[in-house]
Amino acid sequence: MTVANSVSMSQSIAGRYAQAVFDITKEDGGLDALAQQTADLDSALKDSADLRDLIASPIYSRDQQSRAIAALAAKMNLSPVLSNTLQLMAKNRRLFVLPQLTARLADLIAVERGEVTVDVTSAIALTDAQQERLKATLAEKSGKKVKLNTRVDETLIGGMIVKLGSKMIDSSVRSKLASLQNVMKEVG
């Protein structure tokens, strides 16, 4: 099996679990709570190497994974729907798709709310005022509520890179210098 097939299969598995959780929670009217729990679970995955080991390592038995996930769900005060889904994933040895599950749930919730997440990479951290101006401009252009996912990359020298779906606007000094260098190669 190739890596691409493995990734595709993981996304397919996670997508089915995520769609089921989303549909049940939407029917019950708990999307706001699910959005927060999904973000919390995603943060826990990013912050805890132990949790990442638990979901990915084959040395843990189904029972060990199930008990650990049950304790985590209780500690994080996850909804019964999400908690039961995680238990089912542990029982079926599918916890390895948990990162894809949280990403898919976040996408489903964002679409339902009419939101779009925009990745912004800047040379220096944006101030709150700059972020609000950027959000307002992007919301006007996209017609959706905008959530910014910001990060700093000092190698940009100045400016920023904005990714909105499949569109990318690169106004960084680094890319402008690269363009200038290419033009100079053609001339000389």
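This is a predicted model: local features need pLDDT of at least 70, side-chain atom pairs count only at pLDDT 80 or more; totals for chains, interfaces and linings use all residues.
A residue is called buried here when its relative accessible area is under 20%, and exposed when that value is over 50%.

Helix 4 runs over residues 62-76. Its buried residues are Q65, S66, I69 and A73. These residues cover an arc of only 95° around the axis, which places them on the same side of helix 4. What do the buried residues of helix 4 pack against? Their partners are helix 3, residues 49-56, and helix 5, residues 80-91. On the face turned away from the buried side, helix 4 carries the exposed residues R67, A74 and K75.

The length of helix 4 may also be checked. At 1.5 Å a residue, its 15 residues should span 21 Å, and the end C-alpha atoms are 21 Å apart, so the two values agree. Just after helix 4 comes N77, with a positive phi of about 60°.

Helix 7 has 15 residues and reaches 21 Å from its first C-alpha to its last, close to the 21 Å expected at 1.5 Å a residue. The residue that follows helix 7 is G143, and its phi is positive, near 75°. Is G143 buried or exposed? Its relative accessibility is 66%, and therefore G143 counts as exposed. G143 lies 29 residues from G114 in sequence, while their C-alpha atoms are 8.8 Å apart in space.

The largest pocket holds about 670 Å³ of space. Of its 25 lining residues, A106, D107, A110, T117 and K147 are the closest to the centre. At least two lining residues come from each of helix 2 (31-47), helix 6 (98-113), strand 1 (115-122) and strand 2. Which element gives the most to this lining? Helix 6 does, with nine residues. By type, the lining of the largest pocket comprises ten nonpolar, six polar and nine charged residues.

The second largest pocket contains about 190 Å³. Two or more of its lining residues come from each of helix 7, strand 3 (160-164) and strand 4 (167-170). Helix 7 provides the largest share, five residues. Among the residues that line this pocket are L134, K141, V162 and I169. The lining of the second largest pocket divides into five nonpolar, two polar and two charged residues.

Definitions and conventions. Residues are numbered from 1 along each chain as its sequence is written. Side-chain values use heavy atoms; hydrogens and water are left out. Helices (H or I, at least four residues) and strands (E, at least two) are DSSP runs, numbered from the N terminus. The expected span of a helix is 1.5 Å times one less than its number of residues. Buried means under 20% relative accessible area, exposed over 50%, partly exposed in between (1.4 Å probe, protein chains only). The arc is that of the directions from the helix axis to the C-beta atoms. Contact means heavy atoms within 4.5 Å. On a 1 Å grid over the protein atoms alone, a cavity is a set of points where a 1.4 Å probe fits but cannot get out, and a pocket is an open set with protein on both sides within 12 Å along at least five of seven lines; lining residues have an atom within 4 Å of a point. Grid points are joined across faces, edges and corners, and a volume is the space filled by probe spheres set on the points. Ala, Val, Leu, Ile, Met, Phe, Trp, Tyr, Cys and Pro count as nonpolar, Asp, Glu, Lys and Arg as charged, and the others, Gly among them, as polar.
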